[in-house]
Number of protein chains: 2
Amino acid sequence: MSAPTDPTKERSQHEDDVLERITKIVTRDNIPRGERHVGDDAAVLLPFVGEAIVSTDVAVLGVHLEASLFPLVDLGYKAVMSALSDLAAMGARPRGLVVAVTAPPGSDLESLHRGIAEAAALTNTPIVGGDLSRGTDVAVTVTVFGECPGRGAVLRRGAQEGDELLVTGPLGRAAAGLRRRRDGAPLSDELVEAHRRPWPRLNEGMAARGAHVHAMMDLSDGLGLDLHRLADASNVGFELRAIPVASGATEDEATSGGEDYELLIATNDPGRLRTMFFDRGLREPLTIGVVVADPLVRTLGGAPFIRQGFEHEF
Amino acid sequence: MSAPTDPTKERSQHEDDVLERITKIVTRDNIPRGERHVGDDAAVLLPFVGEAIVSTDVAVLGVHLEASLFPLVDLGYKAVMSALSDLAAMGARPRGLVVAVTAPPGSDLESLHRGIAEAAALTNTPIVGGDLSRGTDVAVTVTVFGECPGRGAVLRRGAQEGDELLVTGPLGRAAAGLRRRRDGAPLSDELVEAHRRPWPRLNEGMAARGAHVHAMMDLSDGLGLDLHRLADASNVGFELRAIPVASGATEDEATSGGEDYELLIATNDPGRLRTMFFDRGLREPLTIGVVVADPLVRTLGGAPFIRQGFEHEF
């Protein structure tokens, strides 16, 4: 959207110039023949195979990342990986992403876009378009889209009584990393890295879809909130045996820390899921409990499992 | 993306509650069977027909809309229409949109989303997902996606020597409306309405694609900037005869005001374009000039046509 409200101000760096430098950072060479990425009014992609999956995700400096503790490159990186995690949660294969950035004059837009480009490259997701505006916040909105060839996307609402509940890895690493960073740990600390460099479980999501799981979501806001959301959507309850706490994390971090981006899966055939993961070289998923019919039964080790995790305030 | 950096603050309105109210505003009843819109990790859409077209657009209160002159509902409305205009510019048919909003605590998120929902409903574009975060800015990022059944999308880069250049309507109405509003005109003033309530030329874009035009774009930043962009992309020049100035607008507003969202079209068969528009009940497009081979020739009435229009500063 153009902005004619302040056309008379002096301009230090013209939009087209900035866009050109950023375009160089985010554009890749191997654009499929027949596609058109950055540089036109909109991006053109070859036809999708099967259902089209779309998700949008905004990350604000100071809200989603502490500006005093982490470099700006991390904001771009995390924004992309967080958005891609939503595709993973559906079992979708990424086809591309677009990114919209706001920033105050003088911001290091190139670092921000290097983080965006790095995450996109690591997951083989082309950046096909973007937008840029002046703003008070440094904010990155990443919109991802993917496809589900063959079998359809896995929703949150399919969990059924008797399903086993699994997660793709131990929890609490990201929250523990944030705590350690606040306590002075270097950026290269293993847990700090887990906070800075989340990895979306795209391969796990596709494998789970192939294994016909009943329900799936990503743990972006913490098991203590997200599991309740899955149970609400499926109109079921659950009995958790134990939560797999990552090495170096506390029980509370594993429960409500969020940003681990592991997948939460409900399936009546965990053997098939395990085999599919094994065949594809993926780490074994961890059973955490079982789905029960009564939506009011929500327990951990027999005690009530309270809804807790990150929610924005307004 | 979740935000664990400030989990201890008191919460006046929980995210899930706010989301529920907003979801009611933006969700429509007639979701196609097999699709899944708001409420899961990502939206699920039935397969696209032909090329998939994607564009993202961010609108910031105070940058794209003067907060003292216009109600917040306008920001949501304009953000959606501006994004859809990019689909129009490709000749694409909208399939859906997602919206990411940042806002400080206490913002009237419902007004903002009513504007979003109104624009989406008027253009028959389902809102299939969204995200919401705390921020300092009120900012709306709209990502639209559409399809091009049959013939492919129309790019900026196809203009050829001898093509006629046309626009879908007289220019300068939005800029004139902003000027009039600043001078005290009511929100209901016709030109102020043109500024507040742009209409994306989706039908015109699809008709132009059907008429096999060579190049197309939308005039979001003003003819004085956008025509140069089209000429750059096509590596051509142009000779303009005259710019159609809208009633009530100045020549300067028509040239560099922006936000008119009329389409700029280059075609070697303007008769076919006119017939297609006539058949579909669309207003006749207006010829403004001709494409020439030399990229350095860029004139209006024989005089140099300077690059001018809105650009952000950074």
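Which residue of S10(A) does A:Glu239 stand opposite? The residue is A:Val290. This is a predicted model: local features need pLDDT of at least 70, side-chain atom pairs count only at pLDDT 80 or more, and totals for chains, interfaces and linings use all residues. Residues are numbered from 1 along each chain as its sequence is written, while chains are lettered from A and ligands numbered from 1 in the order in which they are written.

**Chain A overall**
- Chain A holds nine helices and twelve strands. Both are DSSP runs numbered from the N terminus: helices are H or I with at least four residues, strands are E with at least two.
- The C-alpha trace of chain A spans about 65 × 50 × 35 Å along its principal axes.
- The radius of gyration of chain A is 20 Å, which agrees with the value near 20 Å for a compact globule of 314 residues. This radius is taken over C-alpha atoms, and the globule rule is 2.2 Å times the number of residues to the power 0.38.
- Of the 314 residues in chain A, 59% are buried. Buried means 20 or more other C-beta atoms within 10 Å of the residue's own, exposed means 12 or fewer, and partly exposed lies in between; C-beta atoms are placed from the backbone.

**The sheet in chain A**
- Seven strands form an open sheet with mixed pairing, in the order S7-S9-S6-S10-S8-S11-S12. Two strands pair if DSSP finds at least two bridges between them.
- Strands S7 (215–218) and S12 (303–304) stand at the edges with a single partner strand each, so one side of each has no neighbour in the sheet.
- S8 (residues 237–240) and S10 (residues 286–292) of chain A run antiparallel and are joined by four bridges.

**A helix in chain A**
- Helix H2 (residues 72–88) of chain A has 17 residues and reaches 25 Å from first C-alpha to last, close to the expected 24 Å. The expected span is 1.5 Å times one less than the number of residues.
- H2(A) is mostly covered, with 17 of its 17 residues buried.

**Positive phi in chain B**
- Most residues other than glycine have a negative phi.
- B:Asn235 has a positive phi near 55°. B:Asn235 sits in the loop between helix H7 (223–234) and strand S8 (237–240) of chain B.
- B:Asn235 is exposed because 11 other C-beta atoms lie within 10 Å.
- B:Tyr261, also not a glycine, has a positive phi of about 60°. B:Tyr261 is in the loop between helix H8 (251–256) and strand S9 (263–267) of chain B.
- B:Tyr261 counts as buried because it has 27 C-beta neighbours inside 10 Å.
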